Amino acid sequence: MSLHLIAGGAGFVGVNLAAALLELGHEVVVVDDLSRGTLSAMAPLRAHAGFSFREADCSDPEALDQAVGELEVDEIWHLAANSDIPAGVADYRVDLRQTFLTTASILDVMKRRSIPVLHFASSSAIYGDHGDDLIHENIGPLQPISNYGAMKLASEAQIRAAHEAYLGKASICRFPNVIGTPATHGVILDFVGKLKRTPERLEVLGDGSQQKAYLHVDDLVRAMLHIRDLGERFAVFNVGPIDDGITVREIAERVRDRQCPAADIHFGEGNRGWVGDVPRFRYSVERLLGTGWSPSMGSREAVQRAVDEIIAQEVRG
Ligand SMILES: NC(=O)c1ccc[n+]([C@@H]2O[C@H](COP(=O)([O-])OP(=O)(O)OC[C@H]3O[C@@H](n4cnc5c(N)ncnc54)[C@H](O)[C@@H]3O)[C@@H](O)[C@H]2O)c1
């Protein structure tokens with residue numbers, strides 16, 4: 001059994017990953033600055049003797065090194081990033097620090113301490129807008145349209161260079177939209193929050209035609225562990241459902257029907273929710289399917305389940 005450090009592990013994906021690693025008998029230390037993640041999200045993890053938490057800014061190599069302290073870490077999962085894409089478009093420093101400098105700093109500490117294995121949470125945002133073309137791992141050119149996507153792509157490039165120089169193994173997992181609980185951001189949480197404030201009216205950013213693939217976090221965590229178990233020296237995988245996704249209009253209707261059936265839905269204009277939003281993408285997960293992983297849910301099923309889970313989290317308490 002190994003000691004896993006999860007940078008950004010107090011957030012949505014991090015607590016689900018930590019629970020799965022602890023269940024497998026590993027030790028887990030979460031390092032997070034609590035800018036978005038919370039102590040309460042980690043509360044269920046504290047039941048495990050192998051769990052610990054250290055608060056630190058992972059974009060500062062000295063602070064991160066100090067947080068690691070005496071620990072002999074075997075593997076790092078790098079999940080620390082900015083999750084507010086519009087905020088990153090408005091101010092480039094947000095993604096520079098939270099999305100890119102976290103990578104630079106984690107690699108710095110891995111080099112100093114000879115920590116050999118890195119797993120990186122990347123994103124479909126690195127590809128940019130490819131319209132109706134099927135996005136597989138070798139498509140190009142890579143032209144991200146948000147600072148978030150740009151800093152994820154820069155992170156991937158830096159990890160590749162580090163792998164050439166000193167990193168033993170690196171895996172890069174390019175997530176689509178991931179949903180479930182404890183939700184910290186995303187379209188479903190946004191709609192549930194809006195209906196809580198104005199139960200008679202739901203405002204949607206854009207005309208609702210944006211269509212994207214959604215993966216439930218349970219399937220994502222299984223994929224991350226599966227990729228780890230493949231043991232490749234340098235691996236790059238898209239992860240997602242096997243479908244073309246679901247529209248924002250359908251998601252809005254599902255949330256409305258479950259939470260406030262009498263509410264009116266008001267759509268905005270244009271097919272982008274915000275600057276940097278890719279309105280539609282078709283994601284290929286053939287490479288990962290070829291290694292024996294497959295998702296248990298499609299986008300619609302994942303959305304249906306996450307809507308129930310997030311309403312329970314936000315409304316029923
Ligand atoms: N959820 C998705 O739909 C999705 C899609 C694509 C990629 N990703 C990537 O997966 C990872 C996890 O996403 P998530 O949905 O759990 O997001 P999240 O915001 O819930 O978690 C990110 C965590 O990183 C922490 N963090 C941010 N900056 C930090 C810093 N400087 N030092 C220490 N901690 C810091 C936050 O406090 C938060 O707990 C992120 O890297 C994200 O970019 C997520």
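How far is an oxygen atom of the ligand from an N or O atom in the side chain of Ser35? In this predicted model, the separation is 3.2 Å. Two further side chains, those of Asp57 and Tyr148, also place an N or O atom at a listed distance from a ligand atom.

| Side chain (N or O atom) | Ligand atom | Distance |
|---|---|---|
| Ser35 | oxygen | 3.2 Å |
| Asp57 | nitrogen | 2.9 Å |
| Tyr148 | oxygen | 2.6 Å |

Taken alone, the ligand exposes 820 Å², and the protein buries 97% of that area.

The surrounding shell comes next. The ligand is surrounded by 33 residues. Asp32, Ser83, Tyr148, Lys152 and Thr184 are the closest of them. By class, the shell divides into 14 nonpolar, 13 polar and 6 charged residues. At least two shell residues come from each of helix H1 (12-23), helix H4 (92-113) and helix H5 (147-165). Strand E5 (117-123) and strand E8 (177-179) likewise each supply at least two.

Helix H4 also holds Tyr92. Together with Leu96 and Leu101, Tyr92 makes a nonpolar surface patch of about 270 Å². Is Tyr92 buried or exposed? Tyr92 has a relative accessible area of 53% and therefore counts as exposed, the cut-off for that class being over 50%.

Methods. Residues are numbered from 1 along each chain as its sequence is written. This is a predicted model: local features need pLDDT of at least 70, side-chain atom pairs count only at pLDDT 80 or more; totals for chains, interfaces and linings use all residues. Side-chain values use heavy atoms; hydrogens and water are left out. A residue is near a molecule or strand if one of its heavy atoms lies within 4 Å of it. A polar contact is a pair of N or O atoms within 3.5 Å; within protein, one must be able to donate a hydrogen and the other to accept it, and residues adjacent in sequence count only if both atoms are side-chain atoms. Accessible areas come from the Shrake-Rupley method with a 1.4 Å probe; for residues, only the protein chains shown count as cover. Helices (H or I, at least four residues) and strands (E, at least two) are DSSP runs, numbered from the N terminus. Ala, Val, Leu, Ile, Met, Phe, Trp, Tyr, Cys and Pro count as nonpolar, Asp, Glu, Lys and Arg as charged, and the others, Gly among them, as polar. Patches are made of residues with over 30% relative accessible area and no salt bridge: like charges are joined within 9 Å, nonpolar side chains (Val, Leu, Ile, Met, Phe, Trp, Tyr) within 5 Å. A salt bridge is a side-chain nitrogen of Lys or Arg within 4 Å of a carboxyl oxygen of Asp or Glu. Buried means under 20% relative accessible area, exposed over 50%, partly exposed in between (1.4 Å probe, protein chains only).
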